[in-house]
Amino acid sequence: MSTSRRGRKMTKIKGSCNKCGTCCRFLILRVPIKLYGRSDIVQWIRYHGIDVIDKDKDMLKLFVPLECKMLKGNLCKINDRKPKVCKDAPQTKDQIVKGCGYYV
Ligand code: SF4
Ligand code: SF4
């Protein structure tokens, strides 16, 4: 187990990428509930066809299907210069999608 820069305990991630491309086909957004209130945010995201996939008292975690423009087939066109957010993923258990080659 390692510790993130914010001091949160992180689970050790095992496995390797099987190049399925799934994680390049969506965004996960976390929206603070206190900004507008839960019901207002849920109404707004439903109109966009977005799902709430998790929530706690402060945040809604949203699943946004949106393919990255740098994806070709299942592979990254800019693999050698892709953002660090891509290079480091997945960092936590909840970032591991179904079919991913990583596990905890
Ligand atoms: S979902 Fe997992 S296995 Fe698939 S491309 Fe992303 S990191 Fe690799
Ligand atoms: S930049 Fe590459 S690795 Fe990152 S989301 Fe896009 S296709 Fe995937």
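1. Some bookkeeping before the ligands: Ala, Val, Leu, Ile, Met, Phe, Trp, Tyr, Cys and Pro count as nonpolar, Asp, Glu, Lys and Arg as charged, and the others, Gly among them, as polar. By that scheme the shell around ligand 1 splits into six nonpolar, four polar and one charged residues.

2. Keep in mind that this is a predicted model: local features need pLDDT of at least 70, side-chain atom pairs count only at pLDDT 80 or more, and totals for chains, interfaces and linings use all residues. Residues are numbered from 1 along each chain as its sequence is written, while chains are lettered from A and ligands numbered from 1 in the order in which they are written.

3. Who sits around the ligands? For ligand 1, the surrounding residues are C17, N18, K19, C20, G21, T22, C23, V97, C100, G101 and Y102 (a residue is near a molecule if its C-beta atom, placed from the backbone, lies within 6 Å of it). Ligand 2 has C24, C68, M70, L71, C76, I78, K82, P83 and C86 around it.

4. K19, from the ligand 1 shell, deserves a look of its own. Its place is the loop between β3 (14-15) and β4, and it has a positive phi of about 60° although it is not a glycine. K19 counts as exposed because it has 11 C-beta neighbours inside 10 Å. The cut-offs: buried is 20 or more other C-beta atoms within 10 Å of a residue's own, exposed is 12 or fewer, and partly exposed is in between, with C-beta atoms placed from the backbone.

5. Now the overall picture. The protein has two helices and nine strands (DSSP runs numbered from the N terminus: helices are H or I with at least four residues, strands E with at least two). Along the sequence they run β-β-β-β-α-β-β-β-β-α-β. The C-alpha trace spans about 40 × 35 × 25 Å along its principal axes, and buried residues make up 1% of the 104 residues.

6. One open sheet has three strands in the order β4-β6-β5, with antiparallel pairing (two strands pair if DSSP finds at least two bridges between them). β4 (26-32) and β5 (51-55) are at the edges with a single partner strand each, so one side of each is left without a neighbour in the sheet. Neighbouring strands here are turned by 30° against each other on average, direction ignored. Axes are lines fitted to C-alpha atoms, for helices over the stretch in contact, and angles run from 0 to 180 degrees between N-to-C directions.

7. Zooming in on β5: a hairpin of three residues joins β5 to β6, and β5 pairs with β6 (residues 59-65) in the antiparallel sense over four bridges. Within β6, L62 is the bridge partner of V52 and L60 that of K55. None of the five residues of β5 is buried, so this strand lies largely in the open.

8. Helix α1 (residues 38-47) packs on the sheet, touching β4, β5 and β6, and its direction makes about 0° with that of β6 (contact puts the C-beta atoms of two residues, placed from the backbone, within 7 Å). How many of its ten residues are buried? The count is zero, and α1 is hardly covered. Just after α1, G49 takes a positive phi of about 70°.

9. Last, a backbone detail to check by eye. A89 and P90 are joined by a cis peptide bond, with omega about -5°. P90 is in the loop between α2 (84-87) and β9 (102-103).
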